[in-house]
Amino acid sequence: MSASSHDRAAQAQIVLLIAAGVVAAAQIGKAIVSVPLIRPDIAAGFDHAGFLVAIFATLGAGAGIGLGAIVARLGLRSALIGGMSLIACANVAGALAPDERILFSARLIEGVGFFGVVLAIPSLLARIATPAARDVVMAVWSAYMPAGIMLMLAAGPLVAIIGWRNFWLANAALCASCCVVLVLYAPRLAAPLGATRDLAAQIKSVTRSGRCLIVASAFFAYSWQIFSLAFALPSLLTAQHGVSLAGAGLLSALALAASTAGHLMSGLSLRFGVPIWLNLAIPFAFFALADSLIFAGDLPAPLVVALAGLALCVGGLAPGALYATAPRVAPSAAALSPTIGLVQQASNLGQFAGPLVVGLWVEHFGWQSLPAIETPAALTGLVLAFGIRIALAPDARTDRALTPVAAAAARREAAVRHHRGE
């Protein structure tokens, strides 16, 4: 295969992997749009229906790093294809579920498959992308979650027409088709040195790495800000601005849609040379300012929604930068999947902690006091952004060649150049 053909094949694989991540993330949106029809069909309470949506986050918050280590042990390609197969099978089981017990069991299996997919893909992307393109590719990857959820939200009207069970079967067919394509075209890569080592040793190497912990903490701070704002906005609009429930839901959805644009902007920003740490510092600084204005109660509803949408859009710069950081701080190439697992776990913990603390705080102290906790949380993220700047300083001085994953990618690129005769 010529070098140009190799490059085109790698680009096609990158597109395929990101598309597979979108399909996996769509299963979160699938549950969201199906809940109104699931509840009366299987007599599930609203609390149980909420857990049906949150079960992926629950699994990630409790076992993210462990799942990442298991993915590394199984092999990235096997975990990816196996995970997508589990999602397809769980969709069928869920569609046929006679009661909520079977449905929850199917959803749990689907969650395991989901993490098999979304923890394997970024590790594969980091290995097949060239060092020059890796940051941009990882930033674009970060848009998989909002893109997948928005895809299912857009398909929401179809659920009322064909029913939620047929909708889940359609998702099973989509995932099965994706699985077939992955079997045919997903990259086949040799396992990195040390990939079969003890799982506990891999987890220990990640959790003892100060750089990994800083990146995970920054992702926690980002998720706290994004999900606490997304959680609070509809209630804020109804309680403080007199907006109807339907109107608040629509306005909040429009604001959330802006976050997808921010994820894509992150890729462009990194491509044009904006430092990773600055892509983190800007969102956290903006959050610190926006929190005080959004919750002060002085702005009219349209401005609150516009400011929230802008905050979510600017905030979208952060996850792309954080995913781009993961390959740089991984203790070894074999430890990249556990590193991403730790980052994913921190993200899910932020999804829990942010809305929970905001709800308790507003209940006891009111909306206008909310900046007292939200602004310090944003400033903590800003401090972590500068911490990441310091942590990545050795990479900047050595053209990013010192990190194990970057070094491996550089060796692959050198081999391609040698094959070209350059």
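**Cysteines and aromatic rings**

Student: Is cysteine 179 buried or exposed?
Tutor: The model is predicted, with local features needing pLDDT of at least 70, side-chain atom pairs counting only at pLDDT 80 or more, and totals for chains, interfaces and linings using all residues. Residues are numbered from 1 along each chain as its sequence is written, and side-chain values use heavy atoms, leaving out hydrogens and water. Cysteine 179 has 10% relative accessibility; the classes are buried (under 20% relative accessible area), exposed (over 50%) and partly exposed (in between), with a 1.4 Å probe and protein chains only. Cysteine 179 therefore counts as buried.

Student: How many disulfides does the structure hold?
Tutor: A disulfide needs two cysteine sulfur atoms within 2.5 Å. For cysteine 179, the closest cysteine sulfur is in cysteine 178, 7.5 Å away and too far for a bond. For exposed cysteine 89, at 53% relative accessibility, the closest is in cysteine 179, at 8.5 Å, also too far. The number of disulfides is zero.

Student: How many aromatic pairs does a search of the whole structure find?
Tutor: Rings of Phe, Tyr and Trp (its six-membered ring) pair if their centres lie within 6.5 Å; planes under 30 degrees apart are stacked, over 60 edge-to-face, the rest tilted. Over the whole structure, the search gives a count of nine.

Student: What is the pair of phenylalanine 219 and tyrosine 323?
Tutor: Both residues, phenylalanine 219 and tyrosine 323, are buried. Their ring centres are 5.6 Å apart and their planes at 80°, so the pair is edge-to-face.

Student: What is the pair of tryptophan 277 and phenylalanine 386?
Tutor: Phenylalanine 386 is partly exposed, at 37% relative accessible area. The ring centres of tryptophan 277 and phenylalanine 386 are 5.3 Å apart and the planes at 40°, so the pair is tilted.
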